[in-house]
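Have it open as you read.

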Amino acid sequence: MRRTPSAFPADAPTACRRPGRPARRASVAVALALGCVAPALVTGTAHADTKQADAGAAATPVRLDYPLNGTTHLAGPGSDLTLGPGALKTSTDLTTGELTAQTQLPDAPGSFKALGIPITVTTEFIEEEPTTGTLDLKTGAVATTSHLTLRLKNLKVAGIPTPVGPRCKTKAPAVIDLESEEGFNVFAGGKLSGTYTIPKFEHCLLATPVINSMVPGEGNTLTLTLGKAAQPPATAAR
């Protein structure tokens, strides 16, 4: 995990940065900071004492949504795909630092050449189960694991549509492990990056052996850039 400069960015709510208060342990500071972003989710009342407020902040999952953009490099065909705009919808347990998330990405068109022949194809990313991960309550660093099936459609070879059928996808989900880069902040966002392996494809009709000779394999990279966190409208403070 990489360390982040501060649990409290400059644009954090002013109520979360009170001068003169004794410093707490960093884990409690991060929990309270997140609680200030989602005050409607923090248990306790405005008249509860500090100890009760801290316990309430640490016990309540916090929902934060991030705008999402990114790129992935496919090592086999040597192609880059632009990802997004999408969204990462997270829920974090401030007691354990465990998080779950829903990853929403639009279809990604891409192009490359094989033996000098231009090929275009659209990739759909299907999240098979919720993304899981951890928030380090001391540093604010994040690590996540996603399981995404890649489905191919709209394949064209030299501009000629090539049928792949409606079920042309990886035999198993790609397991994608990402870690936050230096400078990542739970309020302001930042970059998550990692490498992953693309499994073999199936049900792509006559194009199956051609696709499997070019696309699957190791060494693919993924970088996601998260924008500023926001509360979901349904749970925003009233």
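1. G217 counts as partly exposed because its relative accessibility is 25%; the cut-offs are under 20% for buried and over 50% for exposed, with partly exposed in between (1.4 Å probe, protein chains only). Keep in mind that this is a predicted model, where local features need pLDDT of at least 70, side-chain atom pairs count only at pLDDT 80 or more, and totals for chains, interfaces and linings use all residues. Residues are numbered from 1 along each chain as its sequence is written, and side-chain values use heavy atoms, with hydrogens and water left out.

2. G217 sits in strand β12, residues 217–226 (helices are DSSP runs of H or I with at least four residues, strands runs of E with at least two, numbered from the N terminus). Setting aside neighbours within four places in sequence, G217 is in contact (heavy atoms within 4.5 Å) with Y196, T197 and I198. L74 is 143 residues from G217 in sequence, with 8.8 Å between the two C-alpha atoms.

3. Now the cavities: there are three of 30 Å³ or more. On a 1 Å grid over the protein atoms alone, a cavity is a set of points where a 1.4 Å probe fits but cannot get out; a pocket is an open set with protein on both sides within 12 Å along at least five of seven lines, and lining residues have an atom within 4 Å of a point. Points are joined across faces, edges and corners, and volume is the space filled by probe spheres set on them.

4. The largest cavity has a volume of about 170 Å³. It is lined by 18 residues, with T103, S146, L178, L222 and L224 closest to its centre. β12 is among the strands that supply at least two lining residues each, as are β9 (174–180) and β10 (190–198). The lining has 13 nonpolar, five polar and no charged residues (Ala, Val, Leu, Ile, Met, Phe, Trp, Tyr, Cys and Pro are nonpolar; Asp, Glu, Lys and Arg charged; the others, Gly among them, polar).

5. The second largest cavity holds about 140 Å³. Of its 14 lining residues, Y66, T90, T92, L99 and V142 are closest to the centre. β2 gives the largest share, three residues.

6. Last, the second largest pocket, at about 260 Å³. Its lining has 22 residues, and F112, I119, L155, I211 and M214 lie nearest the centre. β6 gives the most, four residues.
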